[in-house]
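Open the structure in your viewer and keep the selection panel at hand. The tour below goes stop by stop.

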Amino acid sequence: MTMHRNDATKQFHGGGDRIADLIDESPAADLPTPDTDVPMVSRSVRLPLDTYERVRAAADARGIGVTTLMRQWIEAGLADLDDSATVSLADVRRALASLAHPTAA
């Protein structure tokens, strides 16, 4: 059973049961599974086109979505602001060793 938008609007505002019947008869929607159990907030960000294209290319190169990459960058930036962040001693030693012995490019 198909209903046009105007008819559906009239039925909805008229309080008829036809809309409920249509909903009951409709197949279940195949929705994507969220990639996280953490509640997310959607925000709109205005970017210059060239900046967006660079972000998209970086995301494509990593095989991830643009929003996933942007979220990772935001989380990394916030971690840099956190003075209480801890780093493993092994990571510190590796970083210092790489500074003492730079590799030839």
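Predicted model: local features only at pLDDT ≥ 70, side-chain atom pairs only at ≥ 80, totals over all residues.

**The whole chain**

Residues are numbered from 1 along each chain as its sequence is written, and side-chain values use heavy atoms, with hydrogens and water left out.

Switch to a cartoon view. The chain has five helices and zero strands, and from the N terminus on its elements run α-α-α-α-α. Helices (H or I, at least four residues) and strands (E, at least two) are DSSP runs, numbered from the N terminus.

Now colour by pLDDT, the predictor's confidence in each residue, from 0 to 100. The chain has a mean of 81, and 78% of its residues reach 70 or more. Confidence is highest in helix α3 (residues 49–62), at a mean of 96, and lowest in helix α2 (residues 18–25), at 66.

**Helix α3**

Select Arg56 and Glu53, which both lie in helix α3, three residues apart, about one turn of the helix. They form a salt bridge, with the closest N and O atoms 2.3 Å apart; the term stands for a side-chain nitrogen of Lys or Arg within 4 Å of a carboxyl oxygen of Asp or Glu. By this rule the count comes to two salt bridges. Arg56 is partly exposed, at 34% relative accessible area, and Glu53 is also partly exposed, at 32%.

**Helix α4 and the largest pocket**

Next, select helix α4 (residues 66–81), which gives the most to the lining of the largest pocket, with eight residues. The space in this pocket is about 490 Å³. Of the 16 residues that line it, Val41, Arg43, Thr67, Arg71 and Ile74 are the closest to its centre. A pocket here is an open set of points on a 1 Å grid over the protein atoms alone, where a 1.4 Å probe fits, with protein on both sides within 12 Å along at least five of seven lines; lining residues have an atom within 4 Å of a point.

**Helix α5**

Which residues meet Arg94 in a salt bridge? Select Asp91: its side chain and that of Arg94 meet at 2.4 Å, N to O. Both residues lie in helix α5, three residues apart. Arg94 counts as exposed, because its relative accessibility is 53%, whereas Asp91 is partly exposed, at 36%.

Finish with Leu99, found in helix α5 (residues 89–100) and exposed at 66% relative accessibility.

Conventions: Buried < 20%, exposed > 50% of the residue type's maximum accessible area, 1.4 Å probe, protein only. Points joined across faces, edges and corners; volume = space filled by probe spheres on them.
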